[in-house]
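Q: I have a structure open and would like to go through it bit by bit. Can we start with how the strands and helices are put together?

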Amino acid sequence: MSATRVLVIEDELPLRLALCDALRGEGFEVLEAADGERGLALALAEAPELVLLDLMLPKRDGFSVLRALREDRLSSAVVILSARGEEWDRVQGFEYGADDYVVKPFSTRELVLRLRAVLARSAGRTPGLREEGAKVRIGEAVVDFAAYTLERPGARHGLSRMELELLRYFLAHENTTLDRGTLLDDVWGRDADPTARTVDTHVLKLRKKLEPEPENPRHILTVHGVGYRFCRQGELTSR
Ligand code: CA
């Protein structure tokens, strides 16, 4: 049997060298990258069993790498490395399909134990295609980002790529008032040519799928004259 391959994406040279040494010492085959772009390219080209992913990286940050990996349905397990106390990052990481999270500084012993646990959990996956994608609960709905579906008690809906992107963005900016211009720039991109109506149209479609009562939404709330605010748990608004 060939060795399990681990890709280390970490820009701090001393840490990367220490990690690579420790992993080779444990019998892993190790690939390494010092920035997000190179890391993503290597991950897609080599499909390693596991990716160790730093968040603060030059050229492309860790979340962007993770999103791109999952969009390409790469089945590699991903363990995020990050600085202490970044609770927001931890939540985000799991939402985007990270398998585990290790806080710096960590002992290589602890890290190797965690990696082995993650590898054991992911051993049953079909290589190349991620079967248990990132599922996120929103109120009583479950969104499956890998399967492009949203399920609520008694209903199952397909989601378009833009509906998923918009939901992803809402999840990353929970309880924040988002104006239509920001949503257009960040979700659709500056080069696209949608109008403010595009945002409203997508919100309407999402509400019909997500909200128990679309005409009285509790997750995607209207902020009059501005845009929208997303509430994952669900908020009861006055009628
Ligand atoms: Ca870094």
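A: This is a predicted model. One place to begin is a right-handed β-α-β unit, made by E3, helix H3 (residues 62-71) and E4.

Q: Which strands does H3 lie across?

A: H3 lies across E1, E3 and E4, and runs at about 170° to E4.

Q: In what sense do E3 and E4 pair, and over how many bridges?

A: They pair in the parallel sense, over five bridges. In that pairing, aspartate 54 stands opposite leucine 81 in E4.

Q: How many residues of E4 are buried?

A: Six of the seven residues in strand E4 (residues 77-83) are buried, so the strand is mostly covered.

Q: And what joins E4 to E5?

A: Five bridges join E4 to strand E5 (residues 100-104), and the two run parallel. Here serine 82 stands opposite valine 103 in E5.

Q: OK, the whole sheet now. What is the strand order?

A: The order is E2-E1-E3-E4-E5, in an open sheet of five strands with parallel pairing. Strand E2 (29-33) and E5 stand at the edges. Each of these two has a single partner strand, so one side of each is left without a neighbour in the sheet.

Q: What is the average twist from one strand to the next?

A: The twist averages 20°.

Q: What holds strands together in a sheet, in general?

A: Strands of a sheet pair through backbone hydrogen bonds, in either a parallel or an antiparallel way.

Q: Back to this one. How many bridges join E1 to E3?

A: Four bridges join E1 to E3, and these strands run parallel. Isoleucine 9 stands opposite leucine 53 in E3.

Q: Which strands does H1 touch?

A: H1 packs on the sheet and touches E1, E2, E3, E4 and E5. The direction of H1 makes about 165° with that of E2.

Q: Changing topic: there is a calcium ion. What coordinates the calcium ion?

A: The calcium ion is coordinated by Asp11 (OD), Asp54 (OD) and Met56 (O), at 2.1 to 2.3 Å. Along the chain, the donors follow the spacing D-x42-D-x1-M.

Q: Is aspartate 54 buried or exposed?

A: Aspartate 54 is buried, because its relative accessible area is 4% and the cut-off for buried is under 20%.

Q: What about aspartate 11?

A: Aspartate 11 has 32% relative accessibility, so it counts as partly exposed.

Q: Next, histidine 202. Where does histidine 202 lie?

A: Histidine 202 is in helix H8 (residues 196-210). At 12% relative accessibility, histidine 202 counts as buried.

Q: Which residues is histidine 202 in contact with?

A: Leaving aside neighbours within four places in sequence, histidine 202 is in contact with Met162, Glu163, Leu166 and Trp188.

Q: Last topic, cysteines. How many disulfides does the structure hold?

A: The structure holds zero disulfides.

Q: Is cysteine 20 buried or exposed?

A: Cysteine 20 is buried, with a relative accessible area of 1%. Cysteine 231 also counts as buried, at 7% relative accessibility.

Conventions: Residues are numbered from 1 along each chain as its sequence is written. This is a predicted model: local features need pLDDT of at least 70, side-chain atom pairs count only at pLDDT 80 or more; totals for chains, interfaces and linings use all residues. Side-chain values use heavy atoms; hydrogens and water are left out. Donors are N, O and S atoms within 2.8 Å of the metal (3.2 Å for Na, K and Ca); water is not among the atoms, so sites may look incomplete. Buried means under 20% relative accessible area, exposed over 50%, partly exposed in between (1.4 Å probe, protein chains only). Contact means heavy atoms within 4.5 Å. Two strands pair if DSSP finds at least two bridges between them. A crossover is right-handed if, with the strands pointing away from the viewer, the path from the first strand over the helix to the second runs clockwise. Axes are lines fitted to C-alpha atoms, for helices over the stretch in contact, and angles run from 0 to 180 degrees between N-to-C directions. A disulfide is a pair of cysteine sulfur atoms within 2.5 Å.
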